[in-house]
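Keep the viewer open as you read.

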Amino acid sequence: MNTYLNPPRSLWAEICRRPAFDLSALYATVQPIMEAVRTCGDEALLELEARFDHCQLTSLAVSEEAMRSAEAEIDATLAQSIQLAADNIRCFHAAQCFQPIRVQTTTGVTAWQRSVPIERVGLYVPGGTAPLLSTVLMLAIPAQVAGCKQVVLCTPPSPQGRVHPAIRYAATLCGIHNIYMCGGAGAIAAMAYGTPTVPKVDKIFGPGNQYVMAAKQLASLSDVAIDMPAGPSEVLVVADASARPDFVAADLLSQAEHGPDSQVVLLATDEALMHAVAAEVERQLAQLSRRDIATKALDASSLVFLPSLDDALALAEAYAPEHLILALSHPHAAAERITRAGSVFLGHYACESAGDYASGTNHTLPTRGYAAAYSGLSLDSFCRKMTLQELTADGVRTIGPAVCAMAHAEQLSAHAQAMQLRLDTLPA
């Protein structure tokens with residue numbers, strides 16, 4: 001990991017820099033894949049699965065029998081854990097239900113707003129190096145709570161042509177019956193354009209690697225929406241002398257093991273703690289099953305000593321992390337000063353893993369600094385807000401002259417006429 005000792009602000013941009021992506025090269029790789037799916041449909045998807053996932057499929061759809069057998073294929077402890085996580089996620093997202101707004105803005109004019117679910121949503125669940133069963137819950141439960149009519153789930157299969165049973169079980173738990181075995185840019189294209197097997201959707205959700213991120217961005221230029229420009233995972237930890245080095249090291253490694261293009265950052269206000277964390281990272285890294293992946297991620301990651309908590313929080317704000325852990329003796333005061341983060345974890349017990357799985361908050365979050373402008377996934381992500389309005393004759397009298405004056409000022413005479421005709425029908 002790169003180490004910085006009380007770096008001047010001129011170096012902060014360097015610390016905030018994410019692993020570089022050649023976007024033009026990414027798009028050049030992804031675009032032909034998406035075009036093949038657009039033009040050749042299922043045939044292209046089957047070929048892509050053979051090429052990238054080394055899987056010879058005869059059908060893209062997961063069978064009903066495979067869905068029914070999922071619970072019997074996982075152990076009871078895991079099934080109970082998934083159920084516990086699902087309950088907490090449902091509890092938190094159900095509490096976000098929209099409260100309708102109705103207001104009389106002026107005499108005779110009433111405006112209101114209501115929420116309607118997005119009808120067709122597509123969920124992408126990565127499953128390459130690790131089957132992300134938790135992502136099923138994070139995407140499917142808010143879709144279910146929102147009332148989306150059609151929910152499509154795409155995930156890459158194993159080389160044996162099967163979807164991990166925990167993913168199938170979690171999907172069944174969330175009322176999803178349409179699972180399709182396709183991954184990467186091909187899966188995004190299938191949901192964006194539709195194929196004979198995979199239905200076209202209105203909005204695509206889900207995390208993924210840089211190719212999935214690029215595919216989602218390209219798809220959004222067509223007639224499909226996406227949740228956010230989420231790419232490789234990241235965490236930033238702000239820690240003071242009260243933090244436990246082993247806790248902090250574990251938090252850093254929990255994100256580093258996601259993928260070689262992930263990034264982790266420690267901002268320590270105590271230099272001894274920083275060095276202790278560095279030693280713990282090396283010790284724990286040697287024990288990880290995914291240590292090769294984590295090691296590559298650590299190459300682009302940083303340990304930073306900043307003696308001032310004010311500076312540490314300011315740098316955290318500049319970084320705008322996907323996950324922010326405040327491993328501080330007084331985390332609540334610090335959290336009040338944070339405005340740019342996907343999800344914030346307070347204190348020494350709130351490890352990021354809790355949010356990834358079972359605390360109830362959503363783990364689909366903006367990365368690469370997009371937390372400065374984007375929210376993480378929530379119930380709102382699966383809904384649309386519609387405004388409605390009604391004018392009485394008094395409303396026409398109240399705002400009609402202003403509407404006409406403004407329309408004429410913009411040289412939009414038809415706009416003015418639409419209101420003037422109504423004004424003319426009213427008694428003086």
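Which residue in E3 is the bridge partner of Gln-104? It's Thr-110. Before going further: this is a predicted model, where local features need pLDDT of at least 70, side-chain atom pairs count only at pLDDT 80 or more, and totals for chains, interfaces and linings use all residues. Residues are numbered from 1 along each chain as its sequence is written, and side-chain values use heavy atoms, with hydrogens and water left out.

**The sheet**

E2 and E3 run antiparallel, joined by five bridges. They belong to an open, antiparallel sheet of three strands, ordered E2-E3-E14. E2 and E14 are the edge strands, each pairing on one side only. (Strands pair if DSSP finds at least two bridges between them; helices, H or I, have at least four residues and strands, E, at least two, as DSSP runs numbered from the N terminus.)

| Element | Residues |
|---|---|
| Strand E2 | 101-106 |
| Strand E3 | 109-117 |
| Strand E14 | 383-391 |
| Helix H16 | 393-409 |

Helix H16 packs on this sheet and touches E2, E3 and E14; contact means heavy atoms within 4.5 Å. The direction of H16 makes about 95° with that of E14 (axes are lines fitted to C-alpha atoms, for helices over the stretch in contact, and angles run from 0 to 180 degrees between N-to-C directions).

**The whole chain**

Zooming out, you'll find 17 helices and 14 strands. The C-alpha trace spans about 85 × 60 × 45 Å along its principal axes. Of the 428 residues, 50% are buried, that is, under 20% relative accessible area with a 1.4 Å probe, protein chains only.
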